[in-house]
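Reader: Hi! Could you walk me through the inside of this protein?
Author: Happy to, here it comes.

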Amino acid sequence: MSDARVQAALANWAPRFTSQGIDYNDFVRTTRAINTWAEWLDAWRTTADIHVELAQEAEARGRSLSAGEAWVRAALCYHFAKFVWMVDLDKYRATADKAVNSLYAAHKHLDPTAERLEIPFDGISMVANLRRPSTDGQPPLVVLLPGLDSTKEEFFNWENVFLQRGLATVSFDGPGQGETGYHSTIRPDYEVAVATLLDSLADRDDLNLKGIGVVGVSMGGYYAPRVAAFEPRVKAVAPIGGPYNFGECWDQLPLLTRETFIHHSGATTEAEGRKRALQLSLAGVAERISQPMLVIFGKLDRLIPWQQAERLAAEAPNAELVMYPDGNHVCNNIPYKYRPLVSDWMSEQLADVI
């Protein structure tokens, strides 16, 4: 029988793996062989390496589409190898780098127009991936915000949902996230980082920057409303599975999540982590959100109580709450319900912005 951390990872996040693009058979084979949490990263790296070999073989044969698809699978496997794995931070970083490099290898085959952005901010460089739809003109832009343990490398298939609807996407590693998190920690005022990102795009003539939307998942579902409250350039916002006050959720969070937050927030103890988590609050902020806001939540969420979403929607003056009774955290068990809804809604909100 696997240990408690392995069981917690499977119980809380299994649907997320497959909804983001992990092959179900890979998921079953890989997790079946894991007995201890210490084995998690190496097991998933072994699976990722298989897809790297397939990608390289396809490249050697000139099969660009197959190569790109294999590189995406590799990136996802490397990402999930380390997503909440705080056992050995050197191995964590090396595996994260493999995820980054695999996704850029995928871009070369599947979307060669994709751009890596490096944005100076507070003495560091923030990193984001910009992609544009194949249609001509100036598409509106959707900023995609990861959560505590997600990064831009997890979002390739999520980006495609918006691209297919004629929207550009920028998947953003903000403070405490992904590559940006190597040199920064979580900050409650995440909106200042997004403002800097938008400033860096201001002179582009291939985007409609009068039509900007923000979508955030999990803790990104806290960041996105904050951005809307303080950033007038944002015209619509959709938080998915986010907390109203992250600290209020602390006691029911999985140990893996608490450990991950302690690391990414720069805390050194659980007490300090809880204190910093309490600073992530939308009290006094939600009422400032004048833009249309679509709040998505699953009533079966085991990490964040559904009442947190109700509070956000009640306090924001122009919010609509969609509560799925069968949805888990970020509704990853029903992506076919929430993803079309969010992307269609965002497309409609930004369609007439001038």
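Author: We'll talk about the nonpolar cores and then the cavities. This is a predicted model, where local features need pLDDT of at least 70, side-chain atom pairs count only at pLDDT 80 or more, and totals for chains, interfaces and linings use all residues. Residues are numbered from 1 along each chain as its sequence is written, and side-chain values use heavy atoms, with hydrogens and water left out.

Reader: Which residues touch the most other members of the largest nonpolar core?
Author: Trp40 and Leu145, out of 90 residues. A nonpolar core here is a set of buried Ala, Val, Leu, Ile, Met, Phe, Trp, Tyr and Cys residues joined through side-chain atoms within 4.5 Å, and buried means under 20% relative accessible area with a 1.4 Å probe, protein chains only.

Reader: Nice. Which helix gives the most to this core?
Author: That's helix 4, residues 64-82, with 10 residues; helices are DSSP runs of H or I, at least four residues, numbered from the N terminus.

Reader: And is there another core apart from it?
Author: A separate core has 24 residues, including Phe162 and Tyr338.

Reader: Switching topic: which residues line the second largest cavity?
Author: Among them are His79, Lys82, Asp149 and His264. A cavity is a set of points on a 1 Å grid over the protein atoms alone where a 1.4 Å probe fits but cannot get out, and lining residues have an atom within 4 Å of a point.

Key: Buried < 20%, exposed > 50% of the residue type's maximum accessible area, 1.4 Å probe, protein only. Helix = DSSP H or I, 4+ residues; strand = E, 2+ residues; numbered from the N terminus. 1 Å grid on protein atoms, 1.4 Å probe; cavity = no way out; pocket = protein on both sides within 12 Å on 5 of 7 lines; lining within 4 Å.
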